[in-house]
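Here is a short note to read beside the model. Keep the structure open as you go through the points.

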Amino acid sequence: ATQNNNANQKTKVNYYIGILKESIGEFKDSLKRFKYTADYYKKKAKEGSEKDKYYYLQSLFAVSNGYIRVEKYDSAYHYMKKGMLLSLKTKDSTFYGYFLLSFGIADYYTKKYQSGLDSILKFKSLYKNRIKDGNIAVADLYLGKIYFEKKDIEKSKMFLEKVDSIE
């Protein structure tokens, strides 16, 4: 990509390196890569391509989750709001749901349990037909954690057992 001076390829490779870095716990480096990708696709999305808008949403999602991983929740909320607004504007229900889940996770870590519960339950209602989606397991995990913090041990146990029973 660099040899051919192909900025689009270079940005995609950078994004996927960020995914790999995130998977091995190098969150600061992955976040830097995701921000670079978001900046690139923000400019491209202004040209109007639906594909570039999708990649911009994808990179906003990655940036917001990156900020959650490095515990910079104000920044995570900023990017999640941007992403959610764009997903509504472009009628992208997939990323709208993912941003809902991210809001719920960030709310858990910032001890906004009721707001987190509301976001995650809304996410689950949108994705109820996606049984094999790994994000459902993540949602159930955080629902279990939130209910535990709210001292509703029965509901907490129910959601955590769902996560434990995934094949």
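**Notes on a helix pair and a pocket**

1. Start with H4 (residues 73–89) and H5: their axes come within 9 Å and cross at roughly 160 degrees. Axes are lines fitted to C-alpha atoms over the stretch in contact, with angles from 0 to 180 degrees between N-to-C directions. Helices are DSSP runs (H or I, at least four residues), numbered from the N terminus.

2. The model is predicted: local features need pLDDT of at least 70, side-chain atom pairs need 80 or more, and totals for chains, interfaces and linings use all residues. Numbering runs from 1 along each chain as its sequence is written, and side-chain values use heavy atoms, without hydrogens and water.

3. How are H4 and H5 oriented to each other? They are roughly antiparallel (angles over 145 degrees).

4. Now the contact (heavy atoms within 4.5 Å). Among its residues are Tyr73, Tyr77 and Met84 of H4 and Phe95, Phe99 and Asp107 of H5. By class, the contact has 13 nonpolar, three polar and two charged residues. Ala, Val, Leu, Ile, Met, Phe, Trp, Tyr, Cys and Pro count as nonpolar, Asp, Glu, Lys and Arg as charged, and the others, Gly among them, as polar.

5. Turn to the largest pocket. A pocket is an open set of points on a 1 Å grid over the protein atoms alone, where a 1.4 Å probe fits, with protein on both sides within 12 Å along at least five of seven lines; lining residues have an atom within 4 Å of a point. The largest pocket is lined by 19 residues, with Glu22, Phe61, Asn65, Arg69 and Ile105 nearest its centre. H3 gives the most to this lining, with six residues.

Note on methods. Helices (H or I, at least four residues) and strands (E, at least two) are DSSP runs, numbered from the N terminus. Angles under 35 degrees count as roughly parallel, over 145 as roughly antiparallel, 65 to 115 as roughly perpendicular and the rest as oblique.
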